[in-house]
Amino acid sequence: MTKAPPSVPSLPEAYQALAAGHVAEVLIWSERVQATGAAALSWKTLRAVALSLSQRPQDALPEYQWLCAQEPGNPAHWSNLGNCLCELEREREALEPLQKALLLGATEPALHFGLARAYAADGQLELARRHIETAIARDPADAEFPLLQLRILQAQDRWPEAQQLAEQLQARSLHEGQRIDLGYLLFRGQWYAQAIAQFSSPVPDSNLAIDARIGLVMAFERTNRMAEAETLQATLHETAVSHHPKLLDNFLQMQAKMAMRRKDYPQARMLFERILTALHADPVLKLGLQFEYAAALDRCGDRDAAMAVLQAAHAMRRGLISRSHPALQDSTEAFAVLEHPVPPWNPAVHVRDTHTDPVFVVGFPRSGTTLLEQLLDAHPELVSFDEQPFLQHLVRRIGGDGGDVCQCINALTPEQAAAGRAAYFAEVAEVAPGVISQRAVDKNPLNMVRLPLLQNFFPRSRIILAVRHPCDVVLSCYMQNFRAPAFALTFETLESTAQMYDRVFAHWTAAAEQLQLPVLAWKYEDLIADNEGRSRALFDFLQLPWQDSLLAFTERAKEKGAIKTPSYTQVVEPVNARAVGRWQAYEAYFTPAVMAHLAPWIARFGY
């Protein structure tokens with residue numbers, strides 16, 4: 001062992017000092033040892049770890065590289081090198097040294113944490129999930145581990161598990177940096193009120209305080225609290241974050257979102273281009289940025305560039321899904337119900353209870369269902385809620401998930417039907433307590449493929465079918481970064497989107513012919529042309545009294561805050577015709593193969 005200079009404590013004493021948190025002193029001592037020309041491995045290791053603990057990974061990296069070259073059989077060196085690369089956001093480079101550490105016998109939680117980060121960055125999400133679960137099992141007290149686990153679960157679209165973990169993390173004692181990281185994860189999960197609570201906690205550290213304010217601006221914008229967002233944005237300046245790559249990236253994302261909101265599309269385009277030139281270890285984040293960039297290009301009128309970016313984004317999404325959902329390669333599996341016959345009216349399942357059957361708003365995604373929902377919610381006798389999979393839950397309860405819904409319904413007893421209804425209304429009451437005194441509006445576009453349930457479980461419901469020009473619908477779906485993997489694959493190309501549109505409406509038509517429920521076909525373009533007339537017709541259909549205040553429904557929508565659909569910005573603006581005929585600018589991309597699927601519906605709906 002190299003003897004330390006007289007002014008430096010012994011190596012065991014130095015390790016004790018490091019364990020006690022005296023990182024600065026340990027770095028000074030290690031420099032003095034280096035100045036003597038000594039290159040003891042133990043002192044080099046100590047110095048590298050101290051540099052990492054002092055958040056100087058760029059200085060620690062060459063130390064770890066030297067240690068790996070000197071002792072290639074030491075798994076701790078390779079593990080430290082891999083985790084250092086992760087801290088430098090070079091996660092993919094970290095994979096090789098971390099795997100080497102594992103092969104050499106390393107077992108510590110930090111190794112599995114690093115492997116989880118590296119595999120997540122490489123898109124190997126199932127491996128990432130396994131390693132972070134191992135890290136948590138070996139050190140359940142480290143809050144960094146479940147934070148990464150939450151990010152991985154979100155990337156895998158395992159939302160029920162993610163929500164449960166998010167609730168647990170909000171109840172834990174976190175340091176300020178972890179609270180802000182949690183805030184961004186909550187924001188990504190669309191849990192905006194909870195994200196705002198995390199971002200609003202006092203933060204003494206100046207960099208973290210800036211990051212928290214950036215997160216608040218984005219959360220305020222997403223919940224239509226624009227005055228607060230703009231006031232806070234004015235306090236943030238690029239010069240304050242230019243020294244910190246992660247802060248700068250978050251700042252530019254905030255600026256781009258706010259530029260889009262104020263319709264400064266050239267500025268938004270420039271900002272997204274700056275953001276996308278940087279390396280992003282999180283592929284899901286990069287994917288979302290690609291779709292936002294395409295939206296900016298579209299608004300700037302650069303249609304070909306927008307379509308090129310969208311094509312690349314969809315290819316990236318396909319790659320992510322092939323790794324995270326290997327069984328979901330055929331997108332039609334998610335719409336297996338389209339292949340089933342419509343079950344007949346089954347008197348055995350018609351239950352009368354105290355519940356008022358809902359108003360179901362259905363239609364193909366991006367058909368104006370959110371705008372319609374906000375109009376309905378403005379009536380005092382109705383209450384709506386964000387899109388929920390309550391009918392899909394009902395399918396599972398009766399055993400029809402992936403099976404023959406017709407057969408399951410025909411086999412139901414009145415007791416089973418009553419239990420299914422009770423479970424449905426219990427779920428509704430959790431998200432819309434007013435349902436006790438108001439009629440529920442259940443808006444979920446593709447509930448239109450679950451009409452057998454509507455007919456047999458809710459025989460006194462009313463159905464509103466939202467209709468919009470099929471080409472506008474298909475284009476809008478193609479341009480959206482849908483969270484659900486099945487949607488992402490279905491809407492991968494204009495042709496695949498048009499094909500699914502054709503299949504869904506063919507199913508609807510066949511089902512509607514046997515339906516014994518009142519249905520109103522409600523055209524988006526008609527509301528734009530005659531707001532009051534079509535609104536009055538809507539409430540006449542529902543047998544509800546007209547109120548002139550209903551014409552100001554977009555103002556009420558603004559007051560609601562979070563609207564968890566892609567059209568959250570449009571539905572708080574006065575009714576306008578900007579989205580009508582949008583597809584015509586992209587007509588060259590609507591090939592004969594695309595139009596073959598859409599032409600019959602264009603004619604049928606009178607466009």
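Predicted model: local features only at pLDDT ≥ 70, side-chain atom pairs only at ≥ 80, totals over all residues.
**Stop 1: helix H9.** Select residues 144–155, which form H9. The helix has 12 residues and reaches 17 Å from its first C-alpha to its last, close to the 16 Å expected. H9 is mostly covered, with 10 of its 12 residues buried. Show the side chains of the buried set, among them Phe-145, Leu-148, Ile-152 and Gln-154.

Then step just past the end of H9 to Asp-157, where phi is positive, at about 60°.

**Stop 2: the largest nonpolar core.** Select Phe-364 and Phe-590. These two have the most contacts inside the largest nonpolar core, which has 125 residues. Another core, of 47 residues, lies apart from it; Tyr-64, Cys-68, Ala-120 and Ala-128 are among its members.

Go back to Phe-590. Leaving out residues up to four places away in sequence, Phe-590 touches Cys-471, Val-474, Leu-475, Leu-494, Trp-583, Met-595 and Leu-598.

**Stop 3: H24 against H30.** Select 470–478 for H24 and 592–604 for H30. Their axes lie 9 Å apart, and the packing angle is about 135°. On the H24 side, the contact uses Pro-470, Cys-471 and Val-474. H30 contributes Met-595, Leu-598, Trp-601 and Ile-602. By class, this contact has 7 nonpolar residues, no polar and no charged ones.

Terms used
Residues numbered from 1 in each chain as written. Heavy atoms only, no water. Core = buried A, V, L, I, M, F, W, Y, C linked by side-chain atoms within 4.5 Å. Buried < 20%, exposed > 50% of the residue type's maximum accessible area, 1.4 Å probe, protein only. Contact = heavy atoms within 4.5 Å. Axes fitted to C-alpha atoms, helices over the stretch in contact; angles between N-to-C directions. Helix = DSSP H or I, 4+ residues; strand = E, 2+ residues; numbered from the N terminus. Nonpolar A, V, L, I, M, F, W, Y, C, P; charged D, E, K, R; others polar. Expected span 1.5 Å × (residues − 1).
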